[in-house]
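Here are some notes for a first look at this one. Have the structure open and follow the points in order.

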Amino acid sequence: MNTQSTMNPTDADEGTPVSVKIRERIQASRKRFHANDNIAQFIEPGELALLLDEVEDKMKGVLNSLVIDIEHDHNTDNTARRVAKMYVNEVFRGRYVEAPTITEFPNVGHLNELMIVGPIIVRSACSHHFCPVIGKIWIGVMPNEHTNVIGLSKYARLAEWIMGRPQIQEEAVVQLADLIQEKTQPDGLAIVMEASHYCMAWRGVKDMDSKMINSVMRGVFLKDPTLRREFLSLIPRKG
């Protein structure tokens, strides 16, 4: 005799980790979820708090595997929670929340001169070792009459959102350039980033002085060497 199940689909889903639910939505949409991708559109209300709880639980497992007595060591009895909050709510927040709201204004003054914003202090983590990446960014914009104008602080907010993920510096700068290009539509865009990577300073070769500098040039900055030299000459000497 066939018996029809009376189990509510919600009840059947209750034991599924929230990370699995989010991952299934992403995969169903055939989207990426690499370390430096934003996945906010796949997270439903209330799930970020559940994800934090899940990360805390998994972090306890990591500490146990490192043979740290989290039950009796007063220094680490709440470390798993602190680390989970740091990852989900702070250093990797750019993965889990939507882009900051940016108010754009028409270029009524027909501005068409070089504008430079920076240095913007940025903090990220390398996706190889999850060690800090801390540095500065300079942004050069060559607007045209159709360019959307955004406030100076908004460049910093966009940079913080992009950098708030496990990143590789070369990819991070390209992601930021793509975002600013989309928001403002300028004739030219230039970005230079200089950063210290603690995967070199804290571990590995333990070189405290090495920095990485890279750049992205778009539009007239790529085509006009004079403009490119002007932008680079106006960036304060790096020390």
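1. Before anything else, a word on labels: strands (E, at least two residues) and helices (H or I, at least four) are DSSP runs, numbered from the N terminus. With that in hand, look for Phe-130, which is found in the loop between E2 and E3. Keep in mind throughout that this is a predicted model.

2. What is the phi of Phe-130? The angle is positive, about 60 degrees, although Phe-130 is not a glycine. Most residues other than glycine have a negative phi, and most peptide bonds are trans.

3. There is a cis peptide bond to look at as well: Gly-118 and Pro-119 are joined by it, with omega about 0 degrees. Pro-119 has its place in strand E2.

4. Now the sheet. Five strands make it up, in the order E5-E2-E3-E6-E7; the sheet is open and the pairing is mixed. At the edges stand strand E5 (166-167) and strand E7 (212-219), each with a single partner strand, so one side of each has no neighbour in the sheet. E7 pairs with E6 in the antiparallel sense, over eight bridges. If you want a spot to check this pairing, find Gly-188, which stands opposite Gly-219 in E7.

5. Which strands does H7 touch as it packs on the sheet? They are strand E3 (132-142), E5, E6 and E7, and the direction of H7 makes about 30 degrees with that of E7. Helix H10 (residues 225-234) packs on the sheet too, touching strand E2 (115-126), E3, E6 and E7. The direction of H10 makes about 135 degrees with that of E3.

6. Elsewhere, have a look at how two helices meet. The axes of helix H2 (residues 18-28) and helix H3 (residues 47-65) come within 8 Å and cross at roughly 125 degrees, and the two are therefore oblique to each other. On the H2 side, the contact involves Val-18, Ser-19, Lys-21, Ile-22 and Arg-25; on the H3 side, Glu-47, Leu-50, Leu-51 and Glu-54. By type, the residues of this contact are four nonpolar, one polar and four charged.

7. Last, the empty space inside. Rolling a probe the size of a water molecule over the atoms shows where such space is left. How many cavities of 30 Å³ or more are there? The count comes to one, and the largest cavity has a volume of about 40 Å³. Its lining includes Ser-124, Val-133, Met-163 and His-197. Helix H7 (169-184) and strand E6 (188-197) each supply at least two residues of that lining. Five of the lining residues are nonpolar, four are polar and none is charged.

Key. Residues are numbered from 1 along each chain as its sequence is written. This is a predicted model: local features need pLDDT of at least 70, side-chain atom pairs count only at pLDDT 80 or more; totals for chains, interfaces and linings use all residues. Side-chain values use heavy atoms; hydrogens and water are left out. On a 1 Å grid over the protein atoms alone, a cavity is a set of points where a 1.4 Å probe fits but cannot get out, and a pocket is an open set with protein on both sides within 12 Å along at least five of seven lines; lining residues have an atom within 4 Å of a point. Grid points are joined across faces, edges and corners, and a volume is the space filled by probe spheres set on the points. Ala, Val, Leu, Ile, Met, Phe, Trp, Tyr, Cys and Pro count as nonpolar, Asp, Glu, Lys and Arg as charged, and the others, Gly among them, as polar. Axes are lines fitted to C-alpha atoms, for helices over the stretch in contact, and angles run from 0 to 180 degrees between N-to-C directions. Angles under 35 degrees count as roughly parallel, over 145 as roughly antiparallel, 65 to 115 as roughly perpendicular and the rest as oblique. Contact means heavy atoms within 4.5 Å. Two strands pair if DSSP finds at least two bridges between them.
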